[in-house]
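Q: Could you take a close look at one part of this model, a helix pair and the space beside which its residues are found, and describe it with the cut-offs behind each term?

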Amino acid sequence: MTDGPLRPLRWDPRTRPCVAAIDHGGAPAHYSLRALFERAEGLSAISASGPGEIVAVIEFLLALCFAAGVCPRTEEQWKDWVVDERDLGDVAMWLKDEQSDDDWDLFDAERPLGQSTFLRPDLERCGVGPAQLVIERAGDYAQFMDHRHLAHETPLPAAEAFRAMLTQHQFGLSGRARVSDNNHGRALTNLVAGRLQGRVRVVVLGKSLAETLRLNLYPVSGAVGRLNTTWKMSGKERRTFEARPAGREPDGPADLHSYLGRSILMRPTRGPRGDVVVDRVVIGSGEVLALDPELHFEDAVRYEKADGTTAWLTASPVRELWRDAYAVYGAVRKAGSGFWHRLGKLPYQRIGKNVPYRLWAVGMVANQALPLAWSDGNFPYAPGMEEKLYRASRRGSEIAEDLAKTLKMAALTAFEEVYPKFNPRDKDDLWARFDARRDFWQAAKESFAGLLDEAIDDDTHVADLLIDYATELCDKSRALLDNRLDALPDNNVSHRAAGKAVRTFERRMERRDAPVEFRGERAQEDDGTG
């Protein structure tokens, strides 16, 4: 499609506003890629529709830094870059002076940015509306999560399509693509999970976008690799689709952070106001990488499960990430090298409750091929404070878990008294009248955040903070239980049920193996030194 008889549609994120960011005054605005790097010190954070999109944008910005050679070469240099606030404006100059315009057009006929031209025959034949690009809306690619049919063709602005494409490359789910009867091979329809799917990605956030990028860059002793600007690149061997390949090893961090996890092709047109929009998209399987955990995802968090085995920290539909904050702090605490070790060795002069960094953990909750929600946790961090924060978060999580179990048992006591016999089909609705755990977990999340903010203060002791935290949560949980019981009908059965529920709650709080903080005592494992 053309803009008039001669000018083809072009859209270049280097110069077009494509990413929203917030300045230090809290004002949001959209910036081009060059502008992001030119103004990175004056911007506090990236803003987007969801956590996954923000992470995907940061991944791409890191890829640009590596590709431009704007990255530290040793651990000592990395520390110097962070401490001395090394300027990242060279990336903007690299984008302007050393990159071909043809490599940066989102809709170039031969090498569209981030896309695969081999899908062009499939675009008109089986391409559908552009909302399938947006993970949160696309569902399992068969029907939108808001129940609109996948073929709905509401146009997507080019900037939104660009960011959604980056998110698909990093977080795309496994499943089946809608590229039927294609000539490329049966494996094109077998979508492979993205590089960041299946684990939690931890990003260290600084006081500015520039500091966030410096913190998440890492030393490169060898080649930085090539930026993946399009599928068909000279000297770049891509997979075929006759079968799933074993995976290729990234040639450097620029390649790793910009890899094409999906085969995508978008069709541009003019919107009603003359802006460039996307009205049709086709998506197929993308690259498969052979990743070494020690080299390619240093930020990943290992934790010990109840059975003693270790696994990567992942997002869960039944457990918010804040409840596993101790695993994130534990990664710094145990690290002898790599990402977490570097972070823990940064110099820092403690001043009260002020923290220089936040550890932002992001993951996608999914049911096989169906995305359900983003899960994220944002935790304060200062170098040298990981031991104290680990103890506070681990014990804080244990206390909350115990209270949630107490609320469940109290609710069950009342439920069985009021409904000794019930239709199994009605159980969920009936049970919801008594179960206060959802409200409790929200209240506990707020208290937990306060606990960590207090723990960062040099003048506080973890054991004392935990007693105050436990007292606060006990009061909140009892009030939530009382609210549920007070809502029961005013009759003898309800009064009897409420009395039994309260006694169950109190017995649980007074049992010998309950957290000692419930009795106003310090946990034995904490010596009170901080």
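A: Helix 11 and helix 13 pack with their axes 8 Å apart and at an angle of about 155°, where the axes are lines fitted to C-alpha atoms over the stretch in contact and angles run from 0 to 180 degrees between N-to-C directions. Helix 11 is therefore roughly antiparallel to helix 13, a term used for angles over 145 degrees. The model is a predicted one, in which local features need pLDDT of at least 70 and side-chain atom pairs count only at pLDDT 80 or more, while totals for chains, interfaces and linings use all residues. Residues are numbered from 1 along each chain as its sequence is written, and side-chain values use heavy atoms, with hydrogens and water left out.

The crossing of helix 11 past helix 13 is left-handed, that is, the near helix is turned anticlockwise from the far one by less than a right angle. On the side of helix 11, Ala325, Tyr326, Tyr329, Gly330, Val332 and Arg333 meet Glu386, Glu387, Leu389, Tyr390, Ser393 and Arg394 of helix 13, contact being heavy atoms within 4.5 Å. Sorted by class, this contact has six nonpolar, two polar and four charged residues; Ala, Val, Leu, Ile, Met, Phe, Trp, Tyr, Cys and Pro count as nonpolar, Asp, Glu, Lys and Arg as charged, and the others, Gly among them, as polar.

A pocket is an open set of points on a 1 Å grid over the protein atoms alone, with protein on both sides within 12 Å along at least five of seven lines, and lining residues have an atom within 4 Å of a point.

The largest pocket holds about 610 Å³ of space, a volume being the space filled by probe spheres set on points joined across faces, edges and corners. Of its 23 lining residues, Ala300, Val301, Arg302, Ala331 and Trp340 lie nearest the centre. Helix 11 supplies the largest share of this lining, five residues, and the lining as a whole divides into 13 nonpolar, four polar and six charged residues.

How values were computed
1 Å grid on protein atoms, 1.4 Å probe; cavity = no way out; pocket = protein on both sides within 12 Å on 5 of 7 lines; lining within 4 Å. Helix = DSSP H or I, 4+ residues; strand = E, 2+ residues; numbered from the N terminus. Parallel < 35°, antiparallel > 145°, perpendicular 65-115°, else oblique.
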